[in-house]
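Open the model in your viewer and have the selection tool ready.

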Amino acid sequence: MDASGWQSHAPPYAARAAACFVVCELVYHVALAVAPKSFAAGDRRTFALKVVNILHAALVGPLAARALVGRYLFGWDGDAALAAAVAAAVNLDGAAAPALFSGGFGADAARSLTSITVGFFAWDLYRLDAWAKSSPGERRLMVVHHVVSVAVWPVAALTGVAGPFLLHFLATELSSPLLQGRWYAQAFRGRGSPADAAASAAFAAAFVVVRTSNVHVVASAFAYARPFDGALHGAVPAWIRLLGTATLGLPSVLNAVWTAQIALLGKKMLLGKKKAKV
């Protein structure tokens, strides 16, 4: 843990987050200007918002994935200690898991990248009126997701804890552009169109690969890391340990919920095809 993180890292962290907020707003207005005039006003705002979403995910997702697994999977230049920690996590090595929380692995990359996403999440909340239509429950869930992330991630990043977890959360953004692509397919080609089906299938496949396939690894790492345990994480203040205990497992829960929703979508698509054949 970096005890001096608040003093030395907070100003540039806040500056990057604020700059990201401003850039998101500028890109939004550019995208809004080129949005199809045939769209309703609300859909034009959603069109522009999703351009920003795609650009954010296309930047942060690959960078986080490279930092987290680039050396482990491909032997690229990177943090050898982080690569060893990732290998231990993939092997469900419980003895090595506590270091994933308080070992300082991936702290620099997590600090740089979370500042960008914190700025983006803050901006996304600011543009809540441009969000795509969804159920009230789903919207509330995403608002809570954004608020918790904006509140908690800077604490973890600035103190150097939970770096591998933060990088994993950011790397899962790799599937997000395909989710936005599904909205564009529906907007331009219509719901239920071949383009919609193809975009939905591509997003579902990406989601399963990027998020669902590793839920057990992240859940195991969280369980064995035991962030609440002062004996394992004596250098981490108790309130940060409690914060980690309360929040680190939430993304895995969300991914499990979204996986169930995707499974239902797939079932609906398959049953729909069967009915069409009858």
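A salt bridge here is a side-chain nitrogen of Lys or Arg within 4 Å of a carboxyl oxygen of Asp or Glu. By this rule the model has six salt bridges. The model is predicted, so local features need pLDDT of at least 70 and side-chain atom pairs count only at pLDDT 80 or more, while totals for chains, interfaces and linings use all residues. Residues are numbered from 1 along each chain as its sequence is written, and side-chain values use heavy atoms, leaving out hydrogens and water.

First stop: select D108 and R111. Their side chains form a salt bridge, with N and O 2.5 Å apart. Both sit in helix α5, where three residues of spacing put them about one helical turn apart. Helices are DSSP runs of H or I with at least four residues, and strands are runs of E with at least two, numbered from the N terminus.

Now colour the pair by accessibility. Buried means under 20% relative accessible area, exposed over 50%, and partly exposed in between (1.4 Å probe, protein chains only). D108 is exposed because its value is 54%; R111 is buried because its value is 8%.

Next, select R127 and E25. What is the distance between the closest N and O atoms of R127 and E25? In this salt bridge it is 2.4 Å. The pair links distant parts of the chain: R127 lies in the loop between α5 (107–126) and α6 (136–159), and E25 in helix α1 (residues 5–34), 102 residues apart. Both R127 and E25 are buried.

Last stop: select D229 and R226, whose side chains meet in a salt bridge at 3.1 Å, N to O. D229 is buried at 13% relative accessibility, whereas R226 is partly exposed at 37%.
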